[in-house]
Amino acid sequence: MSKDLSITHSLPTNTKAKRIILKTKKQVFGDMLGNNSSLFHGEGFEFAELREYIYGDDVRKIDWKTTAKLGKPYVKVYHEERELNVVVSTMLNGSTYFGTSKQKSEYMAEIMALIGFAAVSNGDKFTYINFADKLYRHSKPSKKLFAVSNETEYILNFDPVGKNGEYKEWVDTLHKRIKKKSLLFLISDFVGDINLGLLSKKHDVVALIVRDRFEENPSSLGYVRLVDIENGAAYEGDINSATMDSYKEALMENDKKLYKEFKKNGIRSIKLYTDEEPAMKLRQIMR
């Protein structure tokens, strides 16, 4: 007897969008990411001068070397450099239509919303770009909250089924489309060959690897019928422990190559699982 593996949506798309928007807004504008500790704190500011400490100044800006030398506290004064261009790009191919805790594409929507609202709260321009087998969306830069909400709904309404992940075309498209130096967040499960060297030469690239824990540590499924979500190819057979071991070894090799690529190009990266809260991990990588 065979088993069919399928994915169901527990909530309507508009309900999911409202839940994600409310949750991420609260995290960004509330205690978790707010209170003068923006996700992009320190990014977009340029040192201007030193001046004597005045009661009420942020103690984190005290220049301790100058303070020790002159015997009284001095703080570093910054002026705003030009605003940041914050660009979030997702690779919503067929493999994102999966999740045991939460669908990967839904989780990506939550990450995008967190970054988008953080950018807007920081007075920066936010742009969203979606790619899979081709370019599907490139929004105009915006500083409006509704722009982030719109893109959250867009991701949840986007159908990744039947779409291959074309990484080379993704990188080439971003290189051509993003004209100004940007803080570029790439959100994908990053399974496949990818070279981000072209993007890292111009932009500050942050790679956010989204995975479901079952992907990295699957159990034997027995005799099943499966369909490749990217190309529709069907498979029917016995997926035993030996098959799973080969799969896990291939995925580990993929990730080993991936991290080597990131290190070579000076790209910050972090892996986020669909069963964990993304907000604090984003803060961690942006410190």
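Reply: Buried means under 20% relative accessible area, exposed means over 50%, and partly exposed lies in between, using a 1.4 Å probe and protein chains only. Before applying this: the model is predicted, so local features need pLDDT of at least 70 and side-chain atom pairs pLDDT 80 or more, while totals for chains, interfaces and linings use all residues. Residues are numbered from 1 along each chain as its sequence is written, and side-chain values use heavy atoms, with hydrogens and water left out.

Me: Why is Thr127 called buried?

Reply: The relative accessible area of Thr127 is 7%, and the limit for buried is under 20%. Thr127 is therefore buried.

Me: Where is Thr127 found, and what does Thr127 touch?

Reply: Thr127 is in strand β5, residues 125-131; strands are DSSP E runs of at least two residues, helices H or I runs of at least four, numbered from the N terminus. Leaving aside residues up to four places away in sequence, Thr127 touches Val86, Val87, Val88, His138, Ser139, Lys140 and Pro141. Contact here means heavy atoms within 4.5 Å.

Me: What makes α1 oblique to α4?

Reply: The axes of α1 (residues 13-29) and α4 (residues 145-157) come within 9 Å and cross at roughly 140 degrees. That makes α1 oblique to α4, because under 35 degrees counts as roughly parallel, over 145 as roughly antiparallel, 65 to 115 as roughly perpendicular and the rest as oblique. Axes are lines fitted to C-alpha atoms, for helices over the stretch in contact, with angles from 0 to 180 degrees between N-to-C directions.

Me: Why are α1 and α3 oblique to each other?

Reply: The axes of α1 and α3 (residues 104-121) come within 9 Å and cross at roughly 40 degrees. α1 and α3 are therefore oblique to each other.

Me: Which residues of α1 and α3 meet?

Reply: In α1 they include Ile20, Thr24 and Phe29, and in α3 they include Ala113, Leu114 and Phe117.

Me: Which residues in α8 are buried, and what follows α8?

Reply: Met244, Leu251, Asn254, Asp255, Leu258, Glu261 and Phe262 are buried in α8. Gly266, with a positive phi near 65 degrees, follows α8.
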